[in-house]
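Good morning, and thank you for coming.

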Amino acid sequence: MSSVPSTEMKPLNVALLTVSDTRGPEQDTSGQFLEDSVVEAGHNLVARRILPDDVYLVRALMSNWIADPEVHVVIITGGTGLLERDSTPEAVRPLLDKTVEGFGEEFRRLSAAEIGSSTVQSRAMAGMANHTVIFCLPGSTGACRTGWEGILLSQLDSRHTPCNFSGLVLRKPEKPMSRLNEVIGQRAKR
């Protein structure tokens, strides 16, 4: 089991990513729902981005957020389907230290009550990397609501018993991002 519950709410720093080839800020109702939910729950929204369905762009941004000591949680919406461009799981999986199989299982169980057998086409998933928990949700606002209300709201709350993700992510090492260029340099030497 993860993390011992606390008696006080400990706000987490959350980054949100919408993966879509077609949505801009005005059309991103899923991202807006998640932003509103994160803030309403008492957490800190530290970043919100929209990227196209591109494995390498998603990996680059995710790598930065995973390395950033200020980011505890990443929630991604979109790119979890079965179309050719849907590539969020493929972008995220190689970055994970551990997978959280129960997240996808529980998401599909909850979703089945709403959309029936169509839930089998969801590739919702989660994992941990560098004490950052990453959740990948489908792109619909309804799916984000299911994931948030059914799983994330309680699992990101430090008071939730018998366990939650709060204590795990609050152990993230304080490694300054400014060291990145110092350690790896601006460009590889030939």
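Lys98 is found in strand β4; helices (H or I, at least four residues) and strands (E, at least two) are DSSP runs, numbered from the N terminus. Please keep in mind that this is a predicted model, in which local features need pLDDT of at least 70, side-chain atom pairs count only at pLDDT 80 or more, and totals for chains, interfaces and linings use all residues. Residues are numbered from 1 along each chain as its sequence is written, and side-chain values use heavy atoms, with hydrogens and water left out.

Is Lys98 buried or exposed? Lys98 counts as exposed because its relative accessibility is 58%; buried means under 20% relative accessible area, exposed over 50%, and partly exposed in between, with a 1.4 Å probe and protein chains only. Leaving aside residues up to four places away in sequence, Lys98 touches Gly127 and Met128, where contact means heavy atoms within 4.5 Å. Met128, in β5, is the residue that Lys98 stands opposite. Along the chain, Lys98 and Asn130 are 32 residues apart, and their C-alpha atoms are separated by 9.7 Å.

Let us turn to the sheet. β4 and β5 run antiparallel and are joined by 2 bridges; two strands pair if DSSP finds at least two bridges between them. The open sheet has 6 strands in the order β2-β1-β3-β6-β5-β4, with mixed pairing. Its edge strands are β2 and β4, each of which pairs on one side only. On this sheet packs α4, which touches β4, β5 and β6. The direction of α4 makes about 30° with that of β6, taking axes as lines fitted to C-alpha atoms, for helices over the stretch in contact, and angles from 0 to 180 degrees between N-to-C directions.

The largest nonpolar core has 25 residues, and Ile75, Phe135 and Leu156 have the most contacts inside it. Such a core is a set of buried Ala, Val, Leu, Ile, Met, Phe, Trp, Tyr and Cys residues joined through side-chain atoms within 4.5 Å. α5 supplies the largest share of this core, 5 residues. Phe135 touches, among others beyond four places in sequence, Ile75, Phe103 and Leu156.

Finally, consider α1. Its buried residues include Phe33, Leu34 and Val38. The buried residues of α1 pack against β1, β2, β3, β6 and α5. Just after α1, Gly42 takes a positive phi of about 95°.
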